[in-house]
Amino acid sequence: MRISDPRIVAKLEEMHVDLRPGTALAELTSLGIGGTTDLLRIKKHESLPDLLSLLDANHVPHKFLGGGSNLLVGDGELPWVVLQLVRPEPDVVLDGNLAHVDGAADLGRMITFCAKNDLGGMEGLIGVPGTVGGALRMNAGAYGMQIGSYVREVKLYRAASRKIEVLQGDQISFEYRHTSFAPDDMMLSVILELPSKPFKVILEGIRICNEKRRSSQPLGQKSAGCIFKNPPGASAGRMIDDLGLKGLSVGDARVSDRHANFFVNAGHASAKDMLTLIADVRERIQKTYGVSLENEVVVWNA
Ligand code: EPU
């Protein structure tokens, strides 16, 4: 979708929004898949309510992009524009055990920065690509921990009220890869309360998690992490592996040989290839186990 009306373009400039016409989302997603649309980069959180009113008034549909690491975007010209926060400097400010983190901060860099200041707890998430805002919206987790456990306060743009609001941790529910945020809420910043730990101890935890991840996941390849959520008490990766589906391909979309719940883009896979592969694997799992696997990856298909 293209914004061409000069009055809208001028207003975007007034709102400190950087318009990047015709951006290929394949370049902004870890899967390397996705068509083209206008990207609006937001430099000031405060401009969001006016920006959303402007887009609504002009019937311009939109979606919010975080780090693009858990996302499968459709092919071709996309029927909505994409909004993304510009990362401020600094993006993490510490105050005792509290870390004030911008939604656009890189998750791994935030964990490392806190570790260097003797604040731990998030070691399991090292190696998970993406932004802190994206991790928060999904309640990202690994190796027995989840980001939601450390949330004290969240500042967000609430689609329902069309306002910027602040929620306390106990007003939000964090479940397995799911939160009580609405799909079109936008995470702006978070205050995390992290336990004190010596840097050396955190570093050892980080080293162990890195090793586990390197040995079981296809880290060097284009993927969106796990495609399906684990059904209660089971592992989707093991179920797919047990059916002998590693290596199953549609075009360049392929079930990873290393971890069967990672589907990789081994070349120039299209969204159509990847969606066909997802549907095929889901059907085979349903037939054999009678279980309907739920997507873990977020799909933006037109
Ligand atoms: N397994 C297989 N074959 C495979 C993959 C896994 O037999 O191809 C077996 C493993 O040997 C292990 C069991 O299945 O015995 C579980 O595997 P793993 O420890 O890799 O955990 P997982 O349940 O597949 C979850 C998360 C990952 C997270 C890891 C580590 C989900 C959907 N996945 O994977 O998160 O990194 O645990 O905590 O919850 C993600 O969110 O994108 C993601 C990758």
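Predicted model: local features only at pLDDT ≥ 70, side-chain atom pairs only at ≥ 80, totals over all residues.
**His59.** His59 has a positive phi of about 55°, and it is not a glycine. I checked its surroundings next. His59 sits in the loop that runs between α2 (48-57) and β3 (62-64). Is His59 buried or exposed? I find a relative accessible area of 67% for His59, so it counts as exposed, the cut-off being over 50%.

**Asp118.** I then turned to Asp118. Its phi is also positive, about 60°, and Asp118 is not a glycine either. The loop between α3 (107-116) and α4 (132-138) holds this residue. How exposed is Asp118? Its relative accessible area is 36%, so I note Asp118 as partly exposed.

**Glu89 and Pro90.** I looked at the peptide bond that joins Glu89 and Pro90. This bond is cis, with omega at about -5°. I placed Pro90 in the loop between β5 (81-85) and β6 (92-95).

**Cavity.** I searched the whole structure for cavities of 30 Å³ or more, and one turned up. The volume of the largest cavity is about 30 Å³. Which residues line the largest cavity? I list Ile111, Cys114, Ala115, Leu119, Gly120, Gly121, Met122, Glu123 and Ile202. Which element gives the largest share of this lining? I find that α3 does, with three residues. By kind, I record six nonpolar residues, two polar and one charged in the lining.

Key
Residues numbered from 1 in each chain as written. Heavy atoms only, no water. Helix = DSSP H or I, 4+ residues; strand = E, 2+ residues; numbered from the N terminus. Buried < 20%, exposed > 50% of the residue type's maximum accessible area, 1.4 Å probe, protein only. 1 Å grid on protein atoms, 1.4 Å probe; cavity = no way out; pocket = protein on both sides within 12 Å on 5 of 7 lines; lining within 4 Å. Points joined across faces, edges and corners; volume = space filled by probe spheres on them. Nonpolar A, V, L, I, M, F, W, Y, C, P; charged D, E, K, R; others polar.
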